[in-house]
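Open the model in your viewer and keep the selection panel at hand. We go from the whole chain to one side chain.

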Amino acid sequence: MNVVRLVKKAKKGSKEALLQLIMAEKDVYYRLALTYMENPHDAMDAMEEMIVKLYERIDQLKKEEAFYSWSKTILVNSCKSMLRKQKRLVLIDDWHKSNEKQPCYEQKSDPYLSSDQQMDMKELLIHLNEKQKEAIQLKYFHDLDYQTIADMTTVPIGTVKSRIFQGLKKLRDHYGGDFGG
């Protein structure tokens, strides 16, 4: 697949080209959205929002070869925007649901959430601040490089490295394990 060629077609209005680009990385987008949104439904909503924004803003992309890092940044921003809106909306229905105890066997299974390892990692990450947690998840769960993380989170690369270093140090100090080593 020639990304640059497809992006150029998409810039000329080809919905098919844009769809090909998105579908080629749909699993990566989904896992990234799920990291932020923490449930499949909201992750899919964030992806839908990203697709609309990509379609509306594809002409703003300067370097065609940067499509995937640009689109992931848009996805992360969509997730963060949705999370901010969710925090502002306190729905009685949600409040009731959060107060009901749901047995483990009733929870819907999701291939990205169901493993014991994911649960263990979530347990570990609760000891980090949000910025450290985000940086570590992007680095180690999504295998993104420091520069891409810096671009996605709009902070300098040194800040990303520091957040990861400090987060791993906090985990090592708290659990005595060998994290990120």
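Start with the whole protein. Of its contacts with a separation of 6 or more, 62% are between residues 24 or more positions apart; a contact means heavy atoms within 4.5 Å. This is a predicted model: local features need pLDDT of at least 70, side-chain atom pairs count only at pLDDT 80 or more, and totals for chains, interfaces and linings use all residues. Numbering runs from 1 along each chain as its sequence is written, and side-chain values use heavy atoms, with hydrogens and water left out.

Colour by secondary structure. You will see 10 helices and zero strands; helices are DSSP runs of H or I with at least four residues, strands runs of E with at least two, numbered from the N terminus.

Next, colour by burial. Buried residues make up 37% of the 181 residues; buried means under 20% relative accessible area, with a 1.4 Å probe and protein chains only.

Select Tyr 29, Leu 54, Phe 67 and Leu 75. They have the most contacts inside the largest nonpolar core, which has 45 residues. Such a core is a set of buried Ala, Val, Leu, Ile, Met, Phe, Trp, Tyr and Cys residues joined through side-chain atoms within 4.5 Å.

Now show helix H5, residues 67–88. It gives the most to this core: eight residues.

Zoom in on Phe 67. Beyond its neighbours within four places in sequence, its contacts include Val 3, Leu 18, Tyr 29 and Ile 58.

Stay on helix H5 and pick Ser 71. Is Ser 71 buried or exposed? Ser 71 counts as buried because its relative accessibility is 0%. Leaving out residues up to four places away, Ser 71 touches Tyr 29, Met 50 and Leu 54. Finish on the polar contact of 2.6 Å between the side chains of Ser 71 and Tyr 29. A polar contact is a pair of N or O atoms within 3.5 Å; within protein, one must be able to donate a hydrogen and the other to accept it, and residues adjacent in sequence count only if both atoms are side-chain atoms.

Technical notes:
Buried means under 20% relative accessible area, exposed over 50%, partly exposed in between (1.4 Å probe, protein chains only).
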